[in-house]
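Here are my notes on the model you sent over. Have it open beside you while you read, and go through the points in order.

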Amino acid sequence: MKKDIILKAENISKQYRLGQVGTGTLSHDINRWWCKIRGKENPYLKIGDTNDRSTKGTSDYVWALQDINFEVERGEVLGIIGKNGAGKSTLLKILSKVTAPTTGSIKSRGRIASLLEVGTGFNGEMTGRENIFLNGAILGMTKKEITSKLDEIIEFSGCERYIDTPVKRYSSGMTVRLAFAVAAFLEPEILVIDEVLAVGDAEFQKKAIGKMQDISREGGRTVLFVSHNMAAIETLCTRVVSMEHGKICSSGDPTKVISDYLQSNSFSERIINFDSISKAKGNDKIRIMYAGIENASSNNKNDIIDVTSLINFKMNIINQTNKELISVGFDLKTIKGDIVFGSGGKFNCKLNKASEICCEIPSNFLNDDVYQIHVYFHTNEMNPLFSDYELLTFEVKDIIRESGYLGKVNGMIRPSLSWSTKDIIS
Amino acid sequence: MNKPENTSSTWLFEITPKNKFFSLNLKEVWQYRDLLFLFVKRDVITVYKQTVLGPLWYLIQPLFTSVTFTIIFNNVAGIDTGIVPPFLFNLAGITVWNYFTACLTGTSDTFKANAAIFGKVYFPRIITPLSVVISNLVKFGIQFLIFIGFYIFYYFQGADLSLNGLVLFFPLLIVIMGILGLGLGMLISAMVTKYRDFSHLIGFGIQLLMYLSAVMYPMELIKDKLPSYGWLVEFNPLAYIIETARFMLLNVGEVSFLGLSYTLVVTIAVFFIGLLVFNKTEKSFIDTV
């Protein structure tokens, strides 16, 4: 059977210039132009570092994408995974024609519509109904198409009651619902989706995932889906591409690529420690000098954490704001992106001095899995100060088993619950 | 699968680093005509939402400007407008001039103002400046009604007013003006993405340009009084448009067919250069804006 390729990317590369646009830009522009006139190659295409945000590069230019080649078959749901800054979003931007690649080309046999971020072009002054038309038209639908689907869109969004109210009076959740509803009824041959499922309440997320499954299965449409939520990727995608530093490092069967990706990303960032404020994690408001997941059941806090360990999440921070009372919290999530719980509180931290904050996670609570800490700091008035999506990563092992069952125990948590039994005498 | 064609000719479209030298994809623009209409609608109805006077603001601005001009230029400086009442003379000039500035300032901001939306979805970018030109046409229409109102008022007051037969071509003149504003606006909008200097330039540039565009004086006057600088006005295509507009509406001044041909050539040239630069910019402006 011949493959029906609907989308083909050949040698896609994208170069970005770092730093500010200033006088240097003009001189580079002139140089580039001068080379072009003489029929020479663009001199700045030869240089540039691979895209690794954490290391300091030598060049002003970086390659956000380098030599990306892939093909997508009709009806396929292709997942794209990778760490922050791996180039996923840049790739999607090129696919949806928002920006052009520096070299290479993309060939397509179908209309591409993107859902890079829902709610694009919503105008707060206009009513929900007017915005459905406007947003639909921006996404490439004709008025006729929208009119024929209007009732379905309104019903799907669940905003019927507010549909003739200006969108600026909507709650953010309602705006997202309405926006996703419009996008869900788009009918392009290729749909590009970037992290839309991170919004909305649980009921709506379920609805959205269901709709995406319908789109790809029944409609036979091709979907490119970028997400950090491995569980969603695994459920929805028929093939997964994993990216790192602007290159594709593996592709194929979802389960395998995802597990390879999860394993290749070091799990052992249990402790981070900095000697000086300038190097410490954070910004000019909050500095994290030390953060660690410590094993509190053992004499050695660095011991392997197992299911029965008492865990201390400890941070030494320096409060550089102008108020002592700040709000500190974290979400504990599995490596696949599902949040297990969130916890936080308000604490008095002396200004410009180190304070220790500790949160105890009980023993016999977490399952054996890899977990990440998403930490966030806010002012007392809940204005954001600093947050880190992947502050720490740690693994909870399962060493001692009493039951004799050796498979993985299901669930995100594994609490030790009290069971009892007694004979019933009848 | 019965889709054996796998040659490059069957691709629906291709995304490449560079556009063909000149590509105005009219077919694509036509596909998005509903979007154009909705943008126009959005611009027109949202500008004065939550204002008490609403669309009246469209009228207040040209009226007050005309009154001011009449006091300063005609009563104080003593510019002679002939048989036409000075207020009507100024109102005609300002109404037409306002359409041009609205088109120019509206379109010259295209990329910067729409960066958020352009950064997320693709549609033919030219839809945005086009919608600005069209929605300003609506605004111009309303302002022109006020001009007609005062025209009739002065007529019955006994002022010696008459239309010139060429007034039939007035809509064409406005279209030319819109295209000139659009072309210039696209050119500037493309340059603003990289060098913000241009957005500063445009603010006072437009004001200076007004003085060179025969808005509040007849073209003949400047040739008489400032013969050494008159050429500045004579090389300004806008001056011909405004002078001609007044000729059509009030039957004063002169209409130079040479000047109008010059205007037409400049307009077409500016429009195509603007389009070219705009098309080139739209592909990657999001990286620099």
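1. Helices (H or I, at least four residues) and strands (E, at least two) are DSSP runs, numbered from the N terminus. With that in hand, look at V370(A), which sits opposite E395(A) in β19(A).

2. Before going on, a word on the source. This is a predicted model, where local features need pLDDT of at least 70, side-chain atom pairs count only at pLDDT 80 or more, and totals for chains, interfaces and linings use all residues. Residues are numbered from 1 along each chain as its sequence is written, while chains are lettered from A and ligands numbered from 1 in the order in which they are written.

3. Now the sheet in chain A. Four strands line up as β16-β15-β18-β19, making an open, antiparallel sheet. β16 (339-348) and β19 (384-395) of chain A are the edge strands with a single partner each, so one side of each has no neighbour in the sheet. Inside it, β18 (residues 370-379) of chain A pairs with β19(A) over eight bridges, in the antiparallel sense.

4. Where do the chains touch? Chain A puts 37 residues into the contact and chain B 31 residues, where contact means C-beta atoms, placed from the backbone, within 7 Å. On the chain A side, β5(A) gives the most, with five residues. β5(A) is also joined to β1 (residues 13-15) of chain B by three bridges, running antiparallel, and I106(A) stands opposite I15(B) there.

5. Last, a helix pair in chain B. α4 (residues 86-108) and α9 (residues 197-211) of chain B pack at about 160 degrees with axes 11 Å apart; axes are lines fitted to C-alpha atoms over the stretch in contact, and angles run from 0 to 180 degrees between N-to-C directions. α4(B) and α9(B) are therefore roughly antiparallel (over 145 degrees). Among the residues that meet are W97(B) and L104(B) from α4(B), and I202(B) and M210(B) from α9(B).

Methods. Two strands pair if DSSP finds at least two bridges between them. Two residues are in contact if their C-beta atoms, placed from the backbone, lie within 7 Å. Angles under 35 degrees count as roughly parallel, over 145 as roughly antiparallel, 65 to 115 as roughly perpendicular and the rest as oblique.
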